Amino acid sequence: MEKELQVYIDGVYYPKSQAKVSVYDHGLLYGDGVFEGIRAYNGVVFKLKEHIIRLYRSAHALMLKIPLTEEEMTQAVVETLRKNKLRDAYIRLVVTRGVGDLGLDPRKCPKPSVIIITDTISIMSKEAKEKGISTMITWVRRNPVDATSHEIKSLNYLNSVLAKMEATANGVDEAICLDKNGFISEGVGENLFSVKDGKIFTPPSSTGALAGITAELAKKFAKSLGYDVTETNITPFQLFTADEVFFTGTAAEVVPIREVNKRQIGNGNPGPVTKKLMAAFQKATADPAEGVPIYS
Ligand code: PXG
């Protein structure tokens with residue numbers, strides 16, 4: 001039998017089938033915790049530093065004290081990948097509030113738990129990348145910035161789950177969420193960009209969207225290619241009538257959107273700006289300088 005993947009929980013490695021947390025963990029009971037989804041490409045953990053910084057910022061917002069330094073966390077991620085002899089991987093980093101009682105008061109949880117899962121990745125299909133994906137604006141709003149905003153990458157993902165279910169039930173690939181004012185926010189685990197007359201637009205974090213690491217990179221590439229990138233409110237109408245629309249995300253990378261609520265975007269094919277950014281992103285994932293090496 002093939003050796004089981006090893007999962008890191010609080011400094012100890014457990015085989016996948018035995019990697020478990022307590023039913024009293026407030027991560028389970030209340031969604032009280034934070035996470036990151038990270039990828040490794042060809043032996044390099046892509047943008048690991050940026051993901052670790054975001055994890056600690058999310059934790060800071062929740063007043064959750066991670067029991068490892070950022071450096072120790074980085075090492076633990078790399079070591080978990082080594083243990084599993086992975087080069088191309090999906091990494092799920094989770095910090096929960098830890099075990100407490102049945103009240104939601106986090107003071108009852110003396111010790112947060114750190115979980116590092118490294119697994120093989122299921123990548124988006126070649127067809128999705130070549131032809132673009134279909135999307136729909138869902139009834140599920142992004143939580144406002146004064147609620148469980150996705151600015152904090154917390155374990156509260158129920159609105160993403162509901163939105164994803166809605167998309168699936170309607171036979172489209174992915175959902176797009178609006179903010180409480182009706183402006184475009186983001187996908188269920190992707191940031192959104194639109195292109196009109198050679199200019200690039202993306203919703204601000206005031207819509208409750210996560211500050212995506214892939215989005216940040218896409219903005220950087222766009223600017224270095226000479227495009228204007230503006231963070232601004234985008235209406236559904238502006239999306240329907242955009243020349244190009246695309247998603248960015250760790251799982252999605254850069255993926256063209258060919259349809260929004262049955263409206264064809266542009267000519268229905270991935271546009272020139274999207275294609276250039278896809279190529280730039282692809283190049284970055286192959287550059288060891290963009291991440292932390294697993295095997296030195
Ligand atoms: N918005 C939200 C709400 C997210 O959760 C992104 C945007 C894209 O951010 P990055 O930093 O990845 O460019 C995310 C990222 C999953 C999964 O398992 C989710 C994310 C990342 C990786 C995997 O669905 N969320």
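I looked up the contacts between the two domains: 22 residues of domain 1 are in contact with 17 residues of domain 2. The model is predicted, and I read every entry here with that in mind.

I then checked the bounds. The domain assignment of the chain puts domain 1 at 6-119 and domain 2 at 126-285. Between the C-alpha centres of domain 1 and domain 2 I noted 26 Å.

Next I took the interface area. The size of an interface is often given as the accessible area lost when the parts come together. For domain 1 and domain 2 the buried area is about 1600 Å², and carbon and sulfur atoms give 66% of that.

I went on to charged pairs. The rule finds one salt bridge across the interface of domain 1 and domain 2. I looked up E253 and found a salt bridge with R39. The closest N and O atoms of E253 and R39 are 3.7 Å apart, which counts because the cut-off is within 4 Å.

For polar contacts I recorded nine residue pairs between domain 1 and domain 2, both residues of each pair at pLDDT 80 or more.

Which elements give two or more residues to the side of domain 1 that touches domain 2? I listed α1 (26-30), β3 (33-41), α2 (48-61) and β5 (89-96). Of these, β3 gives the most, with eight residues.

Last, I sorted that side of domain 1 by class. The side touching domain 2 has nine nonpolar residues, seven polar and six charged.

Note on methods. Residues numbered from 1 in each chain as written. Predicted model: local features only at pLDDT ≥ 70, side-chain atom pairs only at ≥ 80, totals over all residues. Heavy atoms only, no water. Domains from an automatic or database assignment. Contact = heavy atoms within 4.5 Å. Buried area = accessible area lost by both parts, 1.4 Å probe. Salt bridge = Lys/Arg side-chain N within 4 Å of Asp/Glu carboxyl O. Polar contact = N/O pair within 3.5 Å; in protein donor to acceptor, adjacent residues only side chain to side chain. Helix = DSSP H or I, 4+ residues; strand = E, 2+ residues; numbered from the N terminus. Nonpolar A, V, L, I, M, F, W, Y, C, P; charged D, E, K, R; others polar.
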